[in-house]
Amino acid sequence: MSVPITSVRGRVWHLVDARGRTLGHLAQRVAIALRGKYKPTWSPSDDLGDYVVVINARHIKLSGKKETDKKYHWHSRWVGNLTELTHAEFSANHPTGVSSVLEPIKNAIYGMMPKNNLRKVQISRLRVFADDDHPYAQNIMRDYEFEAIERMAAAAENSTLANSK
């Protein structure tokens, strides 16, 4: 039985809630979805990635002392104009960032993408929002939090059935 091309190569919209999630773990999962690596037809040279909408970006966690030690820096190319902020200062001033280069979540995901010509194309399908509000609610096909809750409920049901036998 053959699978229609549209179902295999079609782009899916994922919703990821960043509230209470660790930055690195979230960035790794989002990078996989943006590249489409979970698809059976994945190839490094093909652009099969999906759209990812990240909500609650301002509530992301960092492990260890990164909240105070991790620094973001950029230069305006004028002499002596190096700007450097810690993650806490940057998050307070710019919850979703000033540009795609400076945003903490986009910067982490961008660093996890392969360094080739597809990176800019794939990262353009990432949408990050500081709170719950986003205009893509009608496009969302996969909700990671909802699927995780369903899996936990199914596992709990299976364990109660196994214990009752």
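Leaving aside neighbours within four places in sequence, I109 is in contact (heavy atoms within 4.5 Å) with A27, V30, A31, L34, I123 and L126. The model is predicted, so local features need pLDDT of at least 70 and side-chain atom pairs count only at pLDDT 80 or more, while totals for chains, interfaces and linings use all residues. Residues are numbered from 1 along each chain as its sequence is written, and side-chain values use heavy atoms, with hydrogens and water left out.

I109 is among the residues with the most contacts inside the largest nonpolar core, together with V30, V54, I105 and L126. This core has 23 residues; a nonpolar core is a set of buried Ala, Val, Leu, Ile, Met, Phe, Trp, Tyr and Cys residues joined through side-chain atoms within 4.5 Å, where buried means under 20% relative accessible area (1.4 Å probe, protein chains only). Two or more residues each come from α2 (23–35), β2 (51–55), α5 (104–112) and β5 (126–128), helices (H or I, at least four residues) and strands (E, at least two) being DSSP runs numbered from the N terminus. The largest share, seven residues, is given by α2. Another core, of five residues, lies apart from it and includes W13, L15, I55 and F129.

In α5, the buried residues are P104, I105, K106 and I109. Their cover includes α2, β2, β3, α4 (87–93), α6 (118–123) and β5.

Strands β3 (residues 71–75) and β4 (residues 82–86) run antiparallel and are joined by five bridges; two strands pair if DSSP finds at least two bridges between them. K71 has T86 of β4 as its bridge partner. Six residues lie between the strands of this hairpin, in which R77 takes a positive phi near 70 degrees.

Conventions: Buried means under 20% relative accessible area, exposed over 50%, partly exposed in between (1.4 Å probe, protein chains only).
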